[in-house]
Amino acid sequence: MPDSNPFSPSPYELNKESRATLAEWTTFSISVALLIPVALILTMIAIKAAPAISWPYLTGDVSRSGAAGGIWGPLMGTFYLTMLCLVIVAPIGVLAGIYINEYAPDNKFTRSIMVAVTSLAGVPSIVHALFGLGAFVATMGMPKGLLTAAMTLSVMTLPVIITSTREALSGVPKNFREACWNLGASRWQTIRTIVLPNSFGGILTGVILVIARAAGETAPIMFMGAVMWLRIAPSGPERLMPYGLNDEFMALSNHLNLISKDIPGMPEEMKFGSALVLLTLILFINGIASLVRLHLRRRKRW
Amino acid sequence: MSPDSSMQPTHLEFRDLSVWYGQSKALDEITFSVPRHSVIGIVGPANSGKSTLLKTINRTLEFIDIAKTGGDVLVDGQNVKSIRNVYSLRRRIGMVFPLPVGLPMSVYDNVAYAPRRMGIHDKAQLDELVENCLRDSVLWDEVKDRLDLLGTKLSGGQQQRLTLARALSLEPEILCLDEFSIAIDPVTTMKIEEVLMRLKERMTIVLVTNLTQQARRMADAVAFINASQLIEWGPTEQLFNNPGKELTGRYLNGEFG
């Protein structure tokens, strides 16, 4: 007596089940398909770069326009450029994020700040490059070099830090703040004792991701003093700190750009070598950000 | 003990207090007063302005951008508007909210939070204060061996008592409770009610509640607020047995709300 089984599915339920299965498999296969290009890019670059990668390659000087030698100069340039950018943009971005999320009243002025931040985030990096050239070099009369390049990168990454800081801060429930205010804590005391300690991880993650972004950019720095070749001192402290604040500099992203398109007869492994180093650097930084996030999720306190 | 509240001087007074949120009026010319060492029950349907009333006392309403107030709130005869340092006002007024909020720090740090923000850092003094407050809020026996536990990890009822302990940590002279029992079980509620009746000797208590029977059990006087307006206020038994307005009687008897 199969018809009396109260659990026999209706035609509608059968149809519903098959559509549910279809939806799950479609979304799953598209997600898996995403992995393919990533895996291909990484494998291809790794294979082609393999002949070049060695300790002397990382620590050697660029010679014959990048066709021989190593990438020490560009590597150091990228390192100092991103650190400098970080020193400039992190305090400004975090403080602005704190103001917008914690203090700013909901009015036209605040909304116009937010529109400005969003617009800034949408500006193409080549336009940032022209802005940096116009503002810092042409108008303020600063020399093209490490500092002005870092400042240009800072303007570009500012909205990213502001937005990630805001998101981290707004993750702290509002009723914690209200409880503190009712206990007679000032807004600043509340921010310092409750809000920041509980959003620090999110803020830090945003800051780390900005390093990755700054390290990979080419357009904003190529007008700002990034050059093809500079002589690097062979030893001594200047080997580790090859550039002054106002000096021209080499950088990995720019190096890769130039050797890939401007120099004829460039050996394949030299191009892919610097691509692999740049990529590894950025993936490494992103990895740190993920670890920080993971660590903080584990010790979430509410 | 039940001091004859009519003999006590006025501690808290509302004079023609109005509050607007943008265009909508949340409180409409509220006037009544509360004697020292008494419990005033504030009852009324949801959304009638009861919580707003509490926020005008310690001026946390100022954190709501669109709120505007008219009229006056007086504590000990002093207009709260004229108090220049708002923190000296909030120190004297304890607040407990409907939903328990354990701050994401240890139980000890939760209770020591407000004293520390007022500049108290002496370990022995804080230890004593934390213990006293937790005893006053009937939480001590449950947490005394694990004061380093996160406040957010306590149960709802425990967190509510933690909130109470925190509110007591500055020895407030006025304690405001906004539907404190909404998220906790009846047994804990009764425990806290007992505590509050004892605390009355040390402070004036403003009890906002949806439970008319809770107001009847605890309050010396009751103010009935409906749709932003104070319908009437007076001694508890008078309001329950012989209300001046028909609406009051119907609300207190549970016929609407």
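## Salt bridges and a surface patch in a predicted model

Asp61(A) is partly exposed, with a relative accessible area of 32%. The structure described here is a predicted model. The partner of Asp61(A) in a salt bridge is Arg239(A), a residue that counts as buried at 14% relative accessibility.

A search of the whole structure finds 24 salt bridges over all chains.

| Salt bridge | Closest N and O atoms |
|---|---|
| Asp61(A) with Arg239(A) | 2.9 Å |
| Lys200(B) with Asp220(B) | 3.2 Å |
| Arg216(B) with Glu237(B) | 3.3 Å |

In chain B, Lys200(B) forms a salt bridge with Asp220(B). Lys200(B) lies in the loop between helix H7 (186–199) and strand E8 (204–209), and Asp220(B) in the loop between helix H8 (212–218) and strand E9 (221–226), so this pair ties together parts that are 20 residues apart in sequence. Both Lys200(B) and Asp220(B) are buried.

Arg216(B) forms a salt bridge with Glu237(B). Because Arg216(B) lies in helix H8 of chain B and Glu237(B) in helix H9 (residues 236–241) of chain B, the pair ties together parts that are 21 residues apart in sequence. Arg216(B) is partly exposed at 30% relative accessible area, and Glu237(B) is partly exposed at 39%.

A network of salt bridges links Arg36(B), Asp76(B), Arg92(B) and Glu173(B).

Leu35(A) belongs to helix H1 (residues 11–49) of chain A and is exposed, with a relative accessible area of 57%.

Key: Residues are numbered from 1 along each chain as its sequence is written. Chains are lettered from A and ligands numbered from 1 in the order in which they are written. This is a predicted model: local features need pLDDT of at least 70, side-chain atom pairs count only at pLDDT 80 or more; totals for chains, interfaces and linings use all residues. Side-chain values use heavy atoms; hydrogens and water are left out. Helices (H or I, at least four residues) and strands (E, at least two) are DSSP runs, numbered from the N terminus. Buried means under 20% relative accessible area, exposed over 50%, partly exposed in between (1.4 Å probe, protein chains only). A salt bridge is a side-chain nitrogen of Lys or Arg within 4 Å of a carboxyl oxygen of Asp or Glu.
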